[in-house]
Structure formats: structure tokens, C-alpha cells
Amino acid sequence: MTTATTATTTVVDAPEPADRGDTPRPLLKGGDPADRIFRGWARGAGATVLLIMTLVGVFLGGRALEALTDAGPAFLTTSAWEPDSHHFGIATVLTGTVLIGAVAIVFAVPLAAGTALYITEYAPRRLKQTLISLVDLMAAVPSVVYGLWGLFLFQPSVVGLSRWLTTYFGWFPLFAVDGDSPRDPLSPNTFYTSSTFIAGMVVALMVTPIACSVMREAFAQAPPGEREGAFALGATQWGVIRSVVLPFGRGGIIGGTMLGLGRALGETIAVYLIISPVFEVQWHLLQNGANSVSALIALRYGSAGEFGMSALMAAGLALFLMTLVVNFIASSVVARSRSGAGAEA
């Protein structure tokens, strides 16, 4: 007889895992105390800056109200500056300010862009930080030093360039010089000193570090994936710069240019030391005589009466608003250009 035995398998439930304390950490309603402190400090700092700028604008507007009421719209179109006889305006100094800033940007942007590209793309690794420090150190040099250097050393050296430009490009109104015959070897150099051209070139050296810093940061954040892809396709170093770095850094170039322009428009001491003030609209860049809003304030501040001080405040308010608009546009462009920076292709 065969006996069949049926095996029975008993399934035993696994024990419940012991509570290891892996419970979610309760979230604080207001966030971590350190985060709240930092957030409050950052908001307070930003609000303080806006408050100070607002107070500056209100102060200038209040002090300039008397002169603006007296001059009316003619304040923007009058070239003379005779506040004691109630005949004054900023047409001359505003034009000179814009021209000096334009000359500065024409020279500063290529210099800043070339320096930024060399540091980010060509400079040996061991020299990069040294070059960055040297360029940034230029921004720490006092403006009076640039002014003295431009007046006593740079100006005598650049007069020859001004004469050459007048000789061969004098048919263009900006390069013409009234009353001088540039081909005459006996013609004095005084026709070409203390000009908008010289002041703009000196200011260009002062704004180059600012523009270079912004451009350098934009170039350094070009996507590495796109760089490597361009090299893999056989592109040269210049090909990578042209097809990847420059397009990606376009916003940084524009932003750095605008920030440099805002700095150039407000330069005072260096321009004041170099130019020979005139109160007529001077379109000839190479000719002796120029003016700017900041130089006008430095020149007339000590001798101005009560109404004259109000007129100077009105000029300062115009410069404040102009530089504020330029710097706001520059900041917007730079902020927009950094969005997505460093993302892989």
C-alpha cells in the first residue's frame, strides 16, 4: 500500500519594520531663521538703495525747481550759461557730455572686448587671475590721476593724431577744425588741445575696466557643451569665439557698453582738468574747447549765488536722470543675458 503525504506550506508574515525615526521633518511656516534674516537683510539693502536714489532725485528736483520754473523749456535749448541775467540752459554742456561719452565708448568697447576675450580664451591659466586683478585695479585709480596724466603726458602725444585726422578727414564735419590749416607746419598745436577728442580718450581708459568686467563674465559663461561641439566639428579657436562665445555674450557686450557709457557721462575731475570750457555747441571733436555738465558744476559751484546754485542743481538733475536711464537699460540687458548662462547645449 502506498501512502500519499501532502506537504503543507505555511506562509509566515514578515514582521513590521521597526520604526527608525524616518518621519518627515516638519516644515517651519516662515522658513529657517537664518533664511528669514538673510531675506530681510537683502530686502532692506535693496530698499535702502532705492530710497537713497529717490531722496537724491527729490533733493535735486526741489533745489532745481526755482531755476526750472524760470527757464521753462528753453532750459534744454539755450547754449549760454548766465543765470544771474536769467539766460541759461544746458544745450552746450549736454551736447558736450554726450560727445565725450560717445568718444570714450568708441575707444573703450574694442579695448574692453579684446581684453576680455584674451583673458577668457587665450591667456595661460597661471596668468588669468593676475590679468583680471590688473584690469580691475585700473578702476581703483582716482580720476584726478587720469586727469593729470591726460593733461601733462597724453595730450602732447595725441595732438599729432588730431592734426593727421584733420588733414585727411577734415571734409567730415566732426573732424574739421575752424581757423587752422593743418598742412601748415607753422600752425600752432593749441587748435587741437583741450578738445572733446582728448577728453574722450582719457575717459575711455577709465570706463574700460567696467565694460571689460561685464564682458569677461559673459564670455566665461558660454555653454561648454557648445564649445566642445564646435571643436569636435573642426572649428578653430576663432571659429568657436565667433560662433559660440560672441553670440552668447552679446547681452554682456551691450550691457558693459551701456554701463561704461553711464560712467563716462558722469565723469567730472578728469574732464574738468583737460577741457577748455566753451559755452557754444561744439560739434568739432578735434578742436580746442569743450564742456560737460559735470565740469560745469565743478567750475561754477564755488562762485554761484542762490539762483545760480538752483540752476546748477537743474543741470545736475538732468545728468542724474540721463545716467539713471542709461544704467537701468544696461542692468536690464545684463540681467537678461545671464538667464540660462552656463547651460549645456
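Serine 194 sits in the loop that links H4 and H5. In this predicted model, serine 194 has a positive phi of about 50°, although it is not a glycine. With a relative accessibility of 13%, serine 194 falls under the 20% limit and therefore counts as buried.

Histidine 86 also has a positive phi without being a glycine, here of about 60°. Its place is the loop between strand E1 (81-82) and strand E2 (87-88). The relative accessible area of histidine 86 is 46%, so this residue is partly exposed.

**Overall content**

The chain contains 11 helices and two strands. Read from the N terminus, the order of elements is α-β-β-α-α-α-α-α-α-α-α-α-α. Of the 345 residues in the chain, 39% are buried. When contacts between residues at least 6 apart in sequence are considered, 73% of them join residues at least 24 apart.

Two packed helices are described by the angle between their axes and the distance between the axes.

| Helix pair | Angle between axes | Axis distance | Handedness of crossing |
|---|---|---|---|
| H2 and H3 (residues 125-138) | about 155° | 9 Å | left-handed |
| H2 (residues 91-122) and H7 (residues 237-248) | roughly 115° | within 12 Å | right-handed |

What is the orientation of H2 relative to H3? The axes of H2 and H3 pack at an angle of about 155°, which makes H2 roughly antiparallel to H3. On the H2 side, the residues that meet H3 are Thr115, Tyr118, Ile119 and Thr120. Their partners in H3 are Lys128, Leu131, Ile132 and Val135. By class, the residues of the contact of H2 with H3 are five nonpolar, two polar and one charged.

For H2 and H7, the axes cross at roughly 115°, and these two helices are therefore roughly perpendicular to each other. H2 contributes Leu117, Glu121 and Tyr122 to the contact, and H7 contributes Gln237, Trp238, Ile241, Val245 and Leu246. Here the residues of the contact divide into six nonpolar, one polar and one charged.

**Nonpolar cores**

The largest nonpolar core has 30 residues. Within this core, the residues with the most contacts are Phe154, Val158, Phe197, Val203, Val271 and Ile275. At least two residues of the core come from each of H2, helix H4 (143-169), helix H5 (196-220) and helix H9 (269-274). Which helix gives the most to this core? The answer is H5, with nine residues.

Valine 158 is one of the residues with the most contacts inside the largest core. Apart from its neighbours within four places in sequence, valine 158 is in contact with Phe197, Ile198 and Met201. Phe197 is itself listed among the residues with the most contacts in the core.

How values were computed: Residues are numbered from 1 along each chain as its sequence is written. This is a predicted model: local features need pLDDT of at least 70, side-chain atom pairs count only at pLDDT 80 or more; totals for chains, interfaces and linings use all residues. Side-chain values use heavy atoms; hydrogens and water are left out. Axes are lines fitted to C-alpha atoms, for helices over the stretch in contact, and angles run from 0 to 180 degrees between N-to-C directions. Helices (H or I, at least four residues) and strands (E, at least two) are DSSP runs, numbered from the N terminus. Angles under 35 degrees count as roughly parallel, over 145 as roughly antiparallel, 65 to 115 as roughly perpendicular and the rest as oblique. A crossing is left-handed if the near helix is turned anticlockwise from the far one by less than a right angle, and right-handed if clockwise. Contact means heavy atoms within 4.5 Å. Ala, Val, Leu, Ile, Met, Phe, Trp, Tyr, Cys and Pro count as nonpolar, Asp, Glu, Lys and Arg as charged, and the others, Gly among them, as polar. A nonpolar core is a set of buried Ala, Val, Leu, Ile, Met, Phe, Trp, Tyr and Cys residues joined through side-chain atoms within 4.5 Å. Buried means under 20% relative accessible area, exposed over 50%, partly exposed in between (1.4 Å probe, protein chains only).
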